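Here are my notes on this model, as numbered points. Please read them with the coordinates open.

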Amino acid sequence: MGNNIENEAFTKRALLVEDNEINAEIARLQLEDIGYEVEWVANGARAVECFGDSEQGYYRLILMDIMMPVMDGLEAIRIIRNLNREDSKTIPIIAITANAFPEDKEQSFSNGASCFIPKPYGKKQLQDIVKSFEEKYEVEQSEESSSLV
């Protein structure tokens with residue numbers, strides 16, 4: 001039983017927020033290829049709900065479409081960043097959108113996105129970005145462990 005809890009702590013989870021099923025399936029497969037367990041929701045309101053109801057650190061990253069029904073990605077990012085929990089400030093949120101104009105990129109960053117990728121994006125592009133966040137996470141975890149000694 002202890003092993004299950006231990007394995008649970010090291011699971012890399014991504015919250016995938018995408019209203020298009022085909023795009024969601026492609027992104028899910030790309031994330032699973034680099035070791036992520038993926039939870040998919042189809043709008044920003046569900047993303048806020050899932051993140052808000054999860055335990056601290058449950059998700060390692062969020063891949064967020066910007067244009068969705070119910071609640072768009074920009075509003076969802078803003079709400080997540082303002083939740084009263086430590087990981088809401090630090091979780092990497094990768095904004096994805098078919099609109100690749102400079103103002104779309106600026107809006108994503110001004111609402112709290114960590115990164116911006118225009119659609120269509122390639123598998124390597126997404127995986128390289130995710131891996132860069134992983135490396136940063138591992139360095140931060142290592143520094144936290146060192147400071148505890």
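1. Start with the side chain of Glu39. It makes a polar contact with the side chain of Tyr58 at 2.6 Å. A polar contact here is a pair of N or O atoms within 3.5 Å; within protein, one must be able to donate a hydrogen and the other to accept it, and residues adjacent in sequence count only if both atoms are side-chain atoms. The model is predicted: local features need pLDDT of at least 70, side-chain atom pairs count only at pLDDT 80 or more, and totals for chains, interfaces and linings use all residues. Residues are numbered from 1 along each chain as its sequence is written, and side-chain values use heavy atoms, with hydrogens and water left out.

2. Where does Glu39 lie? In strand β2, residues 36–41. Helices (H or I, at least four residues) and strands (E, at least two) are DSSP runs, numbered from the N terminus. Glu39 counts as partly exposed because its relative accessibility is 23%. The classes are buried (under 20% relative accessible area), exposed (over 50%) and partly exposed in between, with a 1.4 Å probe and protein chains only.

3. Neighbours within four places in sequence aside, Glu39 is in contact with Arg13, Ala14, Leu15, Leu16, Tyr58 and Tyr59. Contact means heavy atoms within 4.5 Å. Arg28 is 11 residues from Glu39 in sequence, and their C-alpha atoms are 8.4 Å apart.

4. Now the whole protein. It has 7 helices and 5 strands, in the order α-β-α-β-α-β-α-α-β-α-β-α along the sequence. Of its 149 residues, 41% are buried. Among contacts between residues at least 6 apart in sequence, 64% join residues at least 24 apart.

5. Next, strand β4. Strand β3 (residues 61–65) and β4 pair in the parallel sense over 4 bridges. Two strands pair if DSSP finds at least two bridges between them. Ile62 has Ile93 in β4 as its bridge partner. Strands β4 (residues 93–97) and β5 (residues 115–118) also pair in the parallel sense, over 4 bridges. From β4 the chain crosses through helix α6 (residues 102–110) to β5, and this β-α-β crossover is right-handed. That is, with the strands pointing away from the viewer, the path from the first strand over the helix to the second runs clockwise. Ala95 stands opposite Phe116 in β5, and Thr97 opposite Pro118.

6. How many residues of β4 are buried? The count is 5 of 5. Ile93, Ala95 and Thr97 point one way, Ile94 and Ile96 the other. In a regular strand, side chains alternate between the two faces of the sheet.
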